[in-house]
Amino acid sequence: MTFDTTRMRIGGLEFANNLALAPMAGISDPPFRDLCARLGAGITPSEMVSADVGLWKSRKSTARLRRWGEHTISIVQIVGYDPDMLAAAARRAQSLGAAAIDINLGCPAKKVCRRLAGSALLRDPGLVAQIFGRIVSAVSVPVTAKIRTGWSPDLRNGVAIAQLAQDRGIAALTVHGRTRACKFAGHAEYETIRQIKQAVAIPVIANGDIDSAQKARAVLEYTGADGVMIGRAARGRPWIFTAMQNYLADNAAPQTDLPLSCVRDIILEHLDSLYSFYGETTGVRVSRKHLAWYALHQEGGRVFRDRVMTVETAREQLALTREFFDQPAREAEAVRERSWGERSGETDNEKTIHQAKKTKENGGNGPCHERQGPAAQHTH
Ligand SMILES: Cc1cc2nc3c(=O)[nH]c(=O)nc-3n(C[C@H](O)[C@H](O)[C@H](O)COP(=O)(O)O)c2cc1C
């Protein structure tokens, strides 16, 4: 069975495909979203921002709301509990350019739930109905919601919440196959997602523990969902979207690991983007966790990680990264570098940055970027 991964419609928007990068606070920032989009993620919502727009001037929220790159349709995710505040925040996000608004009813964090926001709202369907209704009538862009399967295994009311969402004009739903009480423990279950998909006509995106192209296919088949959302499995492996797209659309053999030279090019591109987005000091700091994830499954990764955590400049970080990801591929790279031609005046580092930039300028059409989704289109 092949899946049509070419386009996905939500409200008046058409997305490049049905593969979504999960919003992950502190991880799926604009540079990471842009990178994943270039590698095949069709839907890339922002990390959550508070419904209290007074906080949007903070450095954190400003970064989360900033537009970056050309490959993503801007979806702003908002978390809150007060229908009027949420509606005002949605309006503000739209005026700042959001093409869609996503409401977070999935976050189990205490900081959020103590105030009956995030997944705590699932306990109060009446309030959820008000929130959905108020936001949908406040904006002209599509409004989507991200939910869990319920508050707890005893109160698995995901189907009722989904129906209520549809009735109130929500354009699509993402469902994380855990209850709020489960937090991140145990395995995600897909039965409730299947029931939700059967109960509503709006697009449903399945989420939770999807970490390979084969798993994506199995979840799509079992739940009948319209799309899948990938979170933790994309950390240090943003090319998972390319593999999924190829596998789902073409039944191509599931891709194993990428050649190390491709991994290196992608990482250097990512670092370059982080430095440009945050400036060098913060960029180096933010890059550390991504480098740790990139190195996780590499031989000698721990030593590299310990070393790269200590450096403070982009120059040192790039040099260590290049050195580490070049090591096993040195022979092959030597041949490839010679074939690049006569960039003799440049240092290795400059060549790499140049190559990363060239790849970016070409829309990522290098050997490491095969088969990305076509650029997303706005039809709204
Ligand atoms: C570090 C971290 C931050 C997260 N931040 C958000 C968030 O801002 N908004 C949201 O809806 N979900 C958030 N989530 C939940 C993910 O979007 C996703 O639902 C969850 O990780 C399950 O998917 P996965 O198994 O593919 O990781 C976060 C998850 C993690 C691990």
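Let me begin with the conventions. The model is predicted, so local features need pLDDT of at least 70 and side-chain atom pairs count only at pLDDT 80 or more, whereas totals for chains, interfaces and linings use all residues. Residues are numbered from 1 along each chain as its sequence is written.

The chain holds 15 helices and ten strands; these are DSSP runs numbered from the N terminus, helices being H or I of at least four residues and strands E of at least two. Of its 380 residues, 47% are buried. A residue is buried if 20 or more other C-beta atoms lie within 10 Å of its own, exposed if 12 or fewer, and partly exposed in between, with C-beta atoms placed from the backbone. Among contacts in the chain with a separation of 6 or more, 70% join residues 24 or more positions apart; a contact requires C-beta atoms, placed from the backbone, within 7 Å.

I turn to strand β5. Five of the five residues of β5, residues 75-79, are buried, so the strand is largely enclosed by the rest of the structure. I75, Q77 and V79 lie on one side, V76 and I78 on the other, and both faces are covered. Strand β4, residues 48-50, pairs with β5 in the parallel sense over three bridges, where pairing requires that DSSP finds at least two bridges. Opposite V79 in β5 stands S50.

Beyond its neighbours within four places in sequence, V53 is in contact with A88, A89 and R92.

Next, a helix pair. Helices α12 (residues 301-308) and α13 (residues 314-326) pack at about 170 degrees, their axes 10 Å apart. Axes are lines fitted to C-alpha atoms, for helices over the stretch in contact, and angles run from 0 to 180 degrees between N-to-C directions. The two helices are therefore roughly antiparallel, a term for angles over 145 degrees. F304, R307 and V308 of α12 meet Q317, L320, T321 and F324 of α13.

Finally, the ligand. Of the 22 residues around the ligand, A22, M24, M48, G231 and R232 come nearest; a residue is near if its C-beta atom, placed from the backbone, lies within 6 Å.

Technical notes:
Angles under 35 degrees count as roughly parallel, over 145 as roughly antiparallel, 65 to 115 as roughly perpendicular and the rest as oblique. Two residues are in contact if their C-beta atoms, placed from the backbone, lie within 7 Å.
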